[in-house]
Amino acid sequence: TELWSLWASQALLFLLLMLFIAFLGYCAYIKYTHLKYDHIPGPPRDSFILGHAPTFLKYMKEEKITSSLLILFNLFGQRFLGNGLVTARDHDQWYKQRRIMDPAFSSLYLRGLMGTFNETAEKLMDKLTEFADSQTETNMLGLVNCVTLDVITKVAFGVDLDFLAKSSPLPKAIEACLKGMVYNVRDIFFEYVPKNWPFVKEVRDACRLLRTTGAQWIHERKTAINNGDEVPKDILTQIIKSAEENMTKEDEEFMLDNFVTFFIAGQETTANQLAFCIQELTRHPDILEKVRKEVDDVVGMKQDVSYDDLGKLIYLSQVLKETLRMYPTAPGTSREIAKDMVIDGIHIPGGFNCIFSSYVTSRMNKFFKDPLTFDPDRFHPDAPKPYYCYYPFSLGPRSCLGQNFAQMEAKVVMAKLVQRFDFSLVPGQTFDIRDTGTLRPKSGVVCTVRHRNQKPLTLQDIYC
Ligand code: HEM
């Protein structure tokens, strides 16, 4: 027994020694990492071992930031964006897809979408007329969300769903996926905690609903193509083209990746931009008046906004750009730094991921004077162009494919809105931002809407 306990205590000692050496090795590795990156300016480290992690966790808990970029191949084990255009990591695979998708975003093709942009925006105007007539408050974020959903399903997939008039499970499914995306990124153990299982199931079901909807619409389109029917050269046709001739199961999954990608990328961000824009206009009557004057001069009494009108709505463009400066609805991006490089005199070692926050740079005094003031004149055609500090659509070859699409759509909706209606924010709402992976106005922008030139309601009108 004595020999046994001597052996056991020596083994324990040895184990402790090994643990100590491992710990020292780990500390040496951390020190080496610090030395590698310490020259890069940043806030002070919270602790030697944990680095900046406590600060990140604190802000994530307070829902001030999400590390949103991006583990989006799967959501809680259910395939989500997979290898679609936004998330494809292999350069050749991405390049091939991007070339195939390009025609659906050419200026010639986009010009042909003006009819759909106008028609769908007109449905929103009908809805707002109802709200103005009945003098009821309306959640503008909810409404513009339906508009952008209607546009993307019609324009990208050739399907008319009329979300403004009919209820559908799809908007809720998109919201669940976005929410799930945030939880998934914030906490890798989220799905293993039993109390989260109902939500995890909801997200998986939502993901599946989007993908089965995609499978059904792709099947219908393929049948039409095989029957020799004339089909639009829209995003759905391009998605089908991007798959190989003799389709494998993976090719099919790949088509669905892109279906979900365009459904999500092509809708939420634009809706949030519109809602933020409306919210800012409610507190800047002078800017609203200037937009309105321009719309009156360019569009006048016409019902529809033409493609040529869009080019003349210069101040409205400035307002939309300034909206994305203060509220970049896709708040950042990340890039893998493949090899060492020098940026602004600072040596950046290769081999790691770099996160770029469009939200942070566009609110820095260094780049934008008085950054918290909403001032569309920053984007006046004669003003100096922001130099690599304003990138709501990202920059370079992986920049947003739908940028022009989104801004054409936003201009049509905003032009019609200010042409016909006055709107004011229902008092007591917050101007805070909610980070759900994309940025959205926390309050939902609840407004009262009046027909233009209609006298604003007084308290007496409301209560008598
Ligand atoms: C205000 C509206 C929009 C904003 C702020 C926005 C923002 C962005 C950003 C920042 C990226 C780059 C992501 C990255 O670098 O990782 C991106 C990529 C992309 N966006 Fe948008 N987007 C908007 C609207 C749209 C629309 C309407 C569509 C399609 C109809 C779209 C389709 C895409 C696609 C396909 C990519 C991936 C491009 C690639 O990697 O080649 N976006 N978007």
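Val413 is found in helix H16, where helices (H or I, at least four residues) and strands (E, at least two) are DSSP runs numbered from the N terminus. This is a predicted model, so local features need pLDDT of at least 70 and side-chain atom pairs count only at pLDDT 80 or more, while totals for chains, interfaces and linings use all residues. Residues are numbered from 1 along each chain as its sequence is written.

Let's stay with Val413 for a moment. Is it buried or exposed? Val413 counts as buried because it has 27 C-beta neighbours inside 10 Å. The rule here is that a residue is buried if 20 or more other C-beta atoms lie within 10 Å of its own, exposed if 12 or fewer, and partly exposed in between, with C-beta atoms placed from the backbone. Leaving out residues up to four places away in sequence, Val413 touches Ala121, Leu124, Val144, Val147 and Leu274; two residues are in contact if their C-beta atoms, placed from the backbone, lie within 7 Å. Then there is Met125, which sits 288 residues from Val413 along the chain, yet the two C-alpha atoms are separated by 8.9 Å.

In the largest nonpolar core, which has 88 residues, Cys177 and Val413 touch the most other members. A nonpolar core means a set of buried Ala, Val, Leu, Ile, Met, Phe, Trp, Tyr and Cys residues joined through C-beta atoms within 7 Å. The element that gives the most to this core is helix H6 (residues 140-157), with 12 residues.

Now step back to the whole chain. Its secondary structure comes to 17 helices and 11 strands, and the C-alpha trace spans about 100 × 60 × 50 Å along its principal axes. Of its 464 residues, 33% count as buried. Take the contacts between residues at least 6 apart in sequence: 71% of them join residues at least 24 apart.

At residues 6-29, UniProt lists a "transmembrane region" in an unreviewed entry. UniProt positions are given in the numbering used here, feature names are shortened, and annotations may be inferred rather than shown by experiment. In the model, residues 6-29 are 100% helix and 0% strand, and the end C-alpha atoms are 34 Å apart.

Next comes the ligand. Which residues come nearest to it? Of the 21 residues around the ligand, those are Gly266, Thr269, Thr333, Cys400 and Gly402; a residue is near a molecule or strand if its C-beta atom, placed from the backbone, lies within 6 Å of it. Helix H10 (249-265), helix H11 (268-282) and helix H16 (403-420) are the elements that give two or more residues to this shell, and the largest share, 3 residues, comes from H11. By type, the shell divides into 11 nonpolar, 8 polar and 2 charged residues. For that count, Ala, Val, Leu, Ile, Met, Phe, Trp, Tyr, Cys and Pro are nonpolar, Asp, Glu, Lys and Arg are charged, and the others, Gly among them, are polar.

Cys400 lies in the loop between helix H15 (358-361) and H16, and it is buried, with 20 other C-beta atoms within 10 Å. Not counting residues up to four places away in sequence, Cys400 touches Phe393 and Ser394.

On to the strands. An open sheet is formed by 3 strands in the order E3-E11-E8, with antiparallel pairing; two strands pair if DSSP finds at least two bridges between them. Strand E3 (138-139) and strand E8 (421-425) stand at the edges with a single partner strand each, so one side of each is left without a neighbour in the sheet. E8 is joined to strand E11 (residues 446-451) by 5 bridges, and the bridge partner of Leu425 in E11 is Cys447.

There is a hairpin too. Strand E9 (residues 433-436) pairs with E10 in the antiparallel sense over 4 bridges, and Arg434 stands opposite Arg440 in E10. The two strands have 1 residue between them, and Gly437 in the turn has a positive phi of about 90 degrees. In a regular strand the side chains alternate between the two faces of the sheet. From strand E10 (residues 438-441), Thr438 and Arg440 point one way and Leu439 and Pro441 the other way, and all are buried.
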